[in-house]
There are 2 protein chains.
Amino acid sequence: MNAEIVAVGTEILLGQILNSNAKYISEKLAELGIDVFYHTSVGDNRHRLTEAVRIAHDRSDLVILTGGLGPTGDDLTKETLAEFLQKPLEVRSEEVEILKAALAKRNIAFRDGHYKQVAFIPESSVLKNDYGTSPGMAVQLDKKVYIVLPGPPREMEPMFLNYTVPWLTAHLLGSGHQKIFSKVLKLVEMTESAVEESIKDLIDTQTTPTIATLLGPGVVIVRLTARACDETEFQEIIKPVRDEIEKRIGRYIAAEDKETVWDNAATLLTKRSLTVSTAESCTAGLLSASFTKLPGSSEYFTGAIIAYSNEIKEKLLGVPAAILEKHGAVSEETARAMAAGVRKVTGSSVGIGVTGIAGPDGGTKEKPVGMVCIALDAQDQQTAKTFYFNGKRETIREMSVNRAQILLYNYLKEG
Amino acid sequence: MNAEIVAVGTEILLGQILNSNAKYISEKLAELGIDVFYHTSVGDNRHRLTEAVRIAHDRSDLVILTGGLGPTGDDLTKETLAEFLQKPLEVRSEEVEILKAALAKRNIAFRDGHYKQVAFIPESSVLKNDYGTSPGMAVQLDKKVYIVLPGPPREMEPMFLNYTVPWLTAHLLGSGHQKIFSKVLKLVEMTESAVEESIKDLIDTQTTPTIATLLGPGVVIVRLTARACDETEFQEIIKPVRDEIEKRIGRYIAAEDKETVWDNAATLLTKRSLTVSTAESCTAGLLSASFTKLPGSSEYFTGAIIAYSNEIKEKLLGVPAAILEKHGAVSEETARAMAAGVRKVTGSSVGIGVTGIAGPDGGTKEKPVGMVCIALDAQDQQTAKTFYFNGKRETIREMSVNRAQILLYNYLKEG
């Protein structure tokens, strides 16, 4: 079975809102093992919507339409679909009562225009809207399934999860139905090409699971995908491939699935009862902000000193003037002194120092824009690395944050 | 002319990423006065991609494809389009050199697979990729236009803005072509309802320009929209309405168009030769990161102290233990002492202190999650305000940053 998601709404085509519904529904359908082959967005225009429905009908088994269920003249989705299917729309009296109550709760008077919100194709099931006034509709006709959902994500998402998934499961998916599962491995300190090369034979030959590599923020992702009845079966299916990947490049795996590298660094900090502080120049607080993203971060994060000027690097972090003079503010030596300085001042177990040139100005031939030095200072280890990042100021700052997190993670993992 | 945006990538259909490119391009095309009638997403599958291209070709004048330009076997966009158009792809030697240099800079070896990245339909123009290795392509054939762009937004967006828009303007839009222009006014210290009320008569009666109010981060936006041939004509069209709005609520306008409140605060800092520093608890560096977003920020930003623990508030910021004990870490008194402390330590003209409860834990009845105290300390002014924000941890931290920026902006404006 393959599905298509058709979003209806001129505001999407004007770029005023993101079509996040397509992402949400796709993710849920993937988990159900239903392949999504197309997304389409079309405006509030009867002719073009009819054409989009016709194309979806021709190429897809399951057509999910979102948006255009309100009471105004712009809202055309159910009418257009019914016309295309040559079916009437009939008002259901029990739904009129529910709508009247919902409108009264919102202090909105029931008008004639509202009848269309509670009119449905006779053969259809109503999908309840717990967070708005437009119910959805699900109907199977000639082996094709049509689902109609409201546009606002806060109405659509619960309707999909609580009413559409059960409907699909009951009507389309038999027992023993296989869903699609994915395992995501996030690797650090390796390029995508290097990862690909080291498992190329597996990528080329494996079909269960299939293996794909892709780039994530600061990490390379290896994704194993397979159909299975449940999580346990999936884990069994991927085990041989997973073991082989772990044997080859397991030491670079820093996080899995929804986990970030930072989640795991935070867990290690807590587990080992360590604290961390940062001394930042070019990232100017982005690193400390990232270290405090998770609730309860005061357990392991003590504070930070953002030292933009050399004066503050000297005064607050105790970076020796001689180092700044000899090696410059952007140097591994300065990064080391910053890391050691902030560790001393805050009394934390680990200090991280970041200094670099975020640009767009301030680069030289020896020290170009994008050059960033990151150092770690702990009782048992002092390290520093220099990176050369490409991109805009914001990108360079973000990449610096990712690399600093990875540096800390690697230190914590080894210890 | 009507356009269709076709996103290519299985990861979109799996719901792993949002198709933000379609939104971005739609917004820019709307500004150019080009109607977008359809968005389509299709996977990395030659057959289905060909079908999507065929449909787009039949119903749209301008077809913009995003994604699938990389060097791997999955990347099919240019090949599939060329095959559909019955055109060859020819390697351009000058682009080979550019690619080799770009790869070398990233320490990636040039492999045979890379040739396809620099192969183009003979009649096409190359669209330069300043932030990645896959150039784009623009070609007009039989009155239809095809644009091919890379998938990653950080590569696609600058390529669209800097190379695609000029290409479209030169090739498709004649002189006298009317574009859609918008003027955005950003207001602070007023609610959206208050803004709406004060200009309701204008919103209801004006059609050229149309007026809309919406919520932005920390600001209320008033947007004036009209068609015009150029910026000058647009400014003339909106002048009477704009003057009337300024007369009524002009004193709350803190920024216009792409400007942020912070841009204007930074301009005022530079103009008045003032420097600023921050002392942050719950925002933990987000404020200082925002103060250093613009290039050249070292002119007015000296540094920051992120004091998560009380110990550091005392030790590094000199917040008296008595204040912490009597009023608590989250209090206007502590915020004031933090602001004064960081100003003293860094020697800056203005200090900003932020302390609050970002949650989800740590709230009490008197001091609930979302309570944030923000203070400003300067020679001629000391102020503090308490806010009660709703939302998740991340939202509360962001709202705090916005409010702190506005506090500083208002101080600078008055001075």
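Reader: By class, what residues are in the lining of the largest cavity?
Author: This is a predicted model. In it, the lining of the largest cavity has eight nonpolar, eight polar and two charged residues.

Reader: Which residues lie nearest its centre?
Author: Asn19(A), Ala22(A), His39(A), Asn19(B) and Ser41(B) lie nearest the centre of the largest cavity. They belong to a lining of 18 residues.

Reader: And which elements give two or more residues to that lining?
Author: From chain A they are α2 (20-32) and β2 (35-42). From chain B they are α2 (20-31) and β2 (35-42).

Reader: How much space lies in the largest cavity?
Author: About 130 Å³.

Reader: How many cavities of 30 Å³ or more are there?
Author: The count comes to four.

Reader: How does anyone find where empty space is left?
Author: A probe the size of a water molecule is rolled over the atoms, and that shows where space is left empty.

Reader: You mentioned α12 of chain B. At what angle does it pack with α14 of chain B?
Author: At about 40°. Helix α12 covers residues 310-317 of chain B, helix α14 covers residues 332-346 of chain B, and their axes are 9 Å apart.

Reader: Why are α12(B) and α14(B) called oblique?
Author: Their angle is about 40°. Angles under 35 degrees count as roughly parallel and 65 to 115 as roughly perpendicular, so α12(B) and α14(B) come out as oblique to each other.

Reader: Which residues in α12(B) and α14(B) meet?
Author: On the α12(B) side they are Lys313(B), Leu316(B) and Leu317(B). On the α14(B) side they are Thr334(B), Ala337(B), Met338(B), Gly341(B), Val342(B) and Val345(B). The residues of this contact divide into six nonpolar, two polar and one charged.

Reader: Next pair: α10 and α15 of chain B. How do their axes cross?
Author: The axes of α10 (residues 261-271) and α15 (residues 393-414) of chain B cross at roughly 40° and come within 9 Å. They are therefore oblique to each other. The crossing of α10(B) past α15(B) is left-handed.

Reader: Which residues meet there?
Author: From α10(B), Val261(B), Trp262(B), Asn264(B), Ala265(B), Leu268(B) and Leu269(B). From α15(B), Gln405(B), Ile406(B), Leu408(B), Tyr409(B), Leu412(B) and Lys413(B). By class, this contact has nine nonpolar, two polar and one charged residues.

Reader: Back to chain A. What angle do α2(A) and α6(A) pack at?
Author: About 25°, with the axes 11 Å apart; α6 of chain A covers residues 153-171. Since angles under 35 degrees count as roughly parallel, α2(A) and α6(A) are therefore roughly parallel to each other.

Reader: Is the crossing left-handed or right-handed?
Author: α2(A) passes α6(A) in a right-handed crossing. The residues in contact include Tyr24(A), Ile25(A) and Leu29(A) in α2(A), and Met156(A), Phe160(A) and Leu161(A) in α6(A). That contact divides into 10 nonpolar, two polar and two charged residues.

Reader: Where are the cis peptide bonds?
Author: One joins Thr208(A) and Pro209(A), with omega about 0°. Another joins Thr208(B) and Pro209(B), with omega also about 0°. Pro209(A) is in the loop between α8 (200-205) and β10 (210-216) of chain A. Pro209(B) is in the loop between α8 (200-205) and β10 (210-216) of chain B.

Reader: What about phi of Asp257(A)?
Author: It is near 50°, a positive value in a residue other than glycine. Asp257(A) is in the loop between β12 (253-256) and α10 (261-271) of chain A.

Reader: What are phi and peptide bonds in most residues?
Author: Most residues other than glycine have a negative phi, and most peptide bonds are trans.

Definitions and conventions:
Residues are numbered from 1 along each chain as its sequence is written. Chains are lettered from A and ligands numbered from 1 in the order in which they are written. This is a predicted model: local features need pLDDT of at least 70, side-chain atom pairs count only at pLDDT 80 or more; totals for chains, interfaces and linings use all residues. Side-chain values use heavy atoms; hydrogens and water are left out. Axes are lines fitted to C-alpha atoms, for helices over the stretch in contact, and angles run from 0 to 180 degrees between N-to-C directions. Helices (H or I, at least four residues) and strands (E, at least two) are DSSP runs, numbered from the N terminus. Angles under 35 degrees count as roughly parallel, over 145 as roughly antiparallel, 65 to 115 as roughly perpendicular and the rest as oblique. A crossing is left-handed if the near helix is turned anticlockwise from the far one by less than a right angle, and right-handed if clockwise. Contact means heavy atoms within 4.5 Å. Ala, Val, Leu, Ile, Met, Phe, Trp, Tyr, Cys and Pro count as nonpolar, Asp, Glu, Lys and Arg as charged, and the others, Gly among them, as polar. On a 1 Å grid over the protein atoms alone, a cavity is a set of points where a 1.4 Å probe fits but cannot get out, and a pocket is an open set with protein on both sides within 12 Å along at least five of seven lines; lining residues have an atom within 4 Å of a point. Grid points are joined across faces, edges and corners, and a volume is the space filled by probe spheres set on the points.
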